[in-house]
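I opened a notebook page to record what I looked up in this structure. The entries follow the order in which I went through it.

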Amino acid sequence: MSNQIVINTEACIGCEGCVEICPVMFGFDNYAGKAYVMEGAAMDAECIDEAISLCPVQCISRI
């Protein structure tokens, strides 16, 4: 399994679901209206897979 998570910001609709599900990994840029992956976040967070699977536009992925 990859150890880098990315968000396709072009596809992100700013629903903040990932932030609610996994606040240790994802943050929200209110100015841009988009989610982002927080630098230095714990990659072993159990919530990452849940956030990936529940994203309504499938813009979160492992690379």
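**Asp 29, contacts.** I began with the neighbours of Asp 29. Leaving aside residues up to four places away in sequence, Asp 29 touches Lys 34 and Tyr 36, a contact being heavy atoms within 4.5 Å.

**Ground rules.** I noted that this is a predicted model, in which local features need pLDDT of at least 70 and side-chain atom pairs count only at pLDDT 80 or more, while totals for chains, interfaces and linings use all residues. Residues are numbered from 1 along each chain as its sequence is written, and side-chain values use heavy atoms, with hydrogens and water left out.

**Asp 29, setting.** I placed Asp 29 in strand S2; helices (H or I, at least four residues) and strands (E, at least two) are DSSP runs, numbered from the N terminus.

I then looked at the polar atoms of the Asp 29 side chain. One lies 2.9 Å from the backbone nitrogen of Tyr 31. The backbone nitrogen of Ala 32 is 3.0 Å from a polar atom of that Asp 29 side chain.

**S2 and S3.** How many bridges join S2 to strand S3? I counted 4 bridges between S2 and S3 (residues 34-37), and the two strands run antiparallel; strands pair if DSSP finds at least two bridges between them. Within S3, Lys 34 is the bridge partner of Asp 29, and Tyr 36 is the bridge partner of Gly 27. The hairpin of S2 and S3 has 4 residues between the strands, and Gly 33 takes a positive phi near 75 degrees there.

**Val 37.** I moved on to Val 37, in strand S3. Val 37 is partly exposed, at a relative accessible area of 25%. Not counting residues up to four places away in sequence, I listed its contacts as Ile 5, Val 6, Ile 7, Met 25 and Phe 26. The C-alpha atoms of Val 37 and Ile 5 are separated by 7.0 Å, although the two are 32 residues apart along the chain.

**Disulfide.** I found 1 disulfide in the structure, using the rule of a pair of cysteine sulfur atoms within 2.5 Å. Cys 22 is joined to Cys 47, with an S to S distance of 1.9 Å. The pair links distant parts of the chain, 25 residues apart: Cys 22 sits in the loop between helix H1 (17-21) and strand S2 (26-29), and Cys 47 in helix H2 (residues 47-54). The torsion about the S-S bond of Cys 22 and Cys 47 is about 45 degrees, so I logged the disulfide as right-handed. Both Cys 22 and Cys 47 are buried.

**Other cysteines.** I checked Cys 18, which is in no disulfide; its nearest cysteine sulfur is that of Cys 15, 6.3 Å away. Cys 18 is buried, with a relative accessible area of 11%. Cys 55 is also in no disulfide, the nearest cysteine sulfur being that of Cys 59 at 3.7 Å. Cys 55 is buried too, with a relative accessible area of 9%.

**Helix H2.** Which residues of H2 are buried? I noted Cys 47, Ile 48, Ala 51 and Ile 52. They cover an arc of only 140 degrees around the axis, so they lie on the same side of H2; the arc is that of the directions from the helix axis to the C-beta atoms. The cover over the buried residues of H2 includes strand S1 (5-7), H1, S2 and S4. On the face turned away from the buried side of H2 I found the exposed residues Ser 53 and Leu 54.

**Salt bridge.** My count came to 1 salt bridge, taking a side-chain nitrogen of Lys or Arg within 4 Å of a carboxyl oxygen of Asp or Glu. The side chains of Arg 62 and Asp 49 meet in it, at 2.7 Å from N to O. This pair links distant parts of the chain, 13 residues apart, with Arg 62 in strand S4 (residues 60-62) and Asp 49 in helix H2. Arg 62 is partly exposed at 25% relative accessibility, and Asp 49 is partly exposed at 39%.

Definitions and conventions:
Buried < 20%, exposed > 50% of the residue type's maximum accessible area, 1.4 Å probe, protein only. Polar contact = N/O pair within 3.5 Å; in protein donor to acceptor, adjacent residues only side chain to side chain.
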